[in-house]
Amino acid sequence: MPADRGDPPRTPRTPTISEVAAEAGVGRATAARTLGGYGYVSPELKERVLAAAEKLGYRANALARSMSTGVSHTLGVVVADIGNPFFASMVRGISDASRARGFDTIVLSTYEDLDEEIAATDVLIDKRVDGVIIASAAVGRGEVTHIRTALKQGVPVVLVDRAIGSLDLATVVIDNRDVAREAVETLIAAGHRRIGFVWGPPVPQAPATRRALLAAAARNVWTDGERLRGYLDALDDAGIPFDPELVMVGPKTEEHATEEVGRMLALPDRATALFCTETDAMTGALRAMRARKLSYPGDLSLIGFDDSAWAAVMDPPLTMIEQPVRQLGAKAAEALLDSLEGAEPRRETHTLHARLVVRSSVGPPPAP
């Protein structure tokens, strides 16, 4: 009876290793070693098996191959948000370095949620990745159980962008503290003493003392704390007292940055300069300025983190900190791949240098 025209088309069946072996005229074990990439096979037999596999349209099952060889040639990557240009560029660096050495990558986003990070790490281990690179939201010793579990199961881990003091692992970061201090020193050299920091720890109220502020920062992501320390270092070196009114706290969103910058600009002794530590912080600052019909650098000087094309084409162009983001990812991948390929794991911190790109958003404070 003819098939109903409404029936879905049949999916072509994938050839088996046994069928490839029969086509090549070799034993199944020889075909499995050739297609799985393990063990010795003579060049002549290998060529016959590969030709048969191509003729039949054989496609290897990566999971089955990894179970038999113990190697999947895949790295797992855990980042906060792959949609963020910073992390997208970092992942590009990881992917390029991995591909050059025959490895694929699986990338998962966590949105800075530790539970999501734990779940993502579990998924990657279940996928039998050979190693994991993590830009972790973990801070304290009690938040790194998932990383320790991966290590116990023989899955090496490299930290990228964020260090975790309680873990002795290869870590790749930039010199956040030094470059933040350089940025604030640039504002001080232009004559500023009322310098706002956008953004700080996500606590509900601004800590009243320097010590309390640093304690709050220590309970959050490492990069944020390092940039805050650089800001405070520059103030200390210049003899400028810390003013909690000039440090943004609370949710890390563009909307809240707009509110907080507006508050700093409404103070009796208002901020005359801002150091913005994230792209959304800078965008919020620009919105707050526009709402008050202020311009830079005449009314307010600005320096931001994460240089990009849009900062260069602003009018005037913005002075920004340029991070070696792709190199950050590539270095993390290389550190992980070196350990996978037999090198002794080097449990050290690799610190890459960020660069202050001076443009036209810094000037002297406005006249009283």
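Buried means under 20% relative accessible area, exposed over 50% and partly exposed in between, with a 1.4 Å probe and protein chains only. The model is predicted: local features need pLDDT of at least 70, side-chain atom pairs count only at pLDDT 80 or more, and totals for chains, interfaces and linings use all residues. Residues are numbered from 1 along each chain as its sequence is written, and side-chain values use heavy atoms, with hydrogens and water left out.

Q: Why is histidine 146 called buried?
A: Its relative accessible area is 5%, and the cut-off for buried is under 20%, so histidine 146 is buried.

Q: What makes the link between the side chains of histidine 146 and glutamate 117 a polar contact?
A: A polar contact is a pair of N or O atoms within 3.5 Å; within protein, one must be able to donate a hydrogen and the other to accept it, and residues adjacent in sequence count only if both atoms are side-chain atoms. The two side chains meet this at 2.7 Å.

Q: Why is the pair of phenylalanine 86 and phenylalanine 87 called edge-to-face?
A: Rings of Phe, Tyr and Trp (its six-membered ring) pair if their centres lie within 6.5 Å; planes under 30 degrees apart count as stacked, over 60 as edge-to-face and the rest as tilted. Here the centres are 5.1 Å apart and the planes at 85°, so the pair is edge-to-face. The whole structure holds four aromatic pairs.

Q: Are phenylalanine 86 and phenylalanine 87 buried or exposed?
A: Phenylalanine 86 has 10% relative accessibility and counts as buried; phenylalanine 87, at 5%, also counts as buried.
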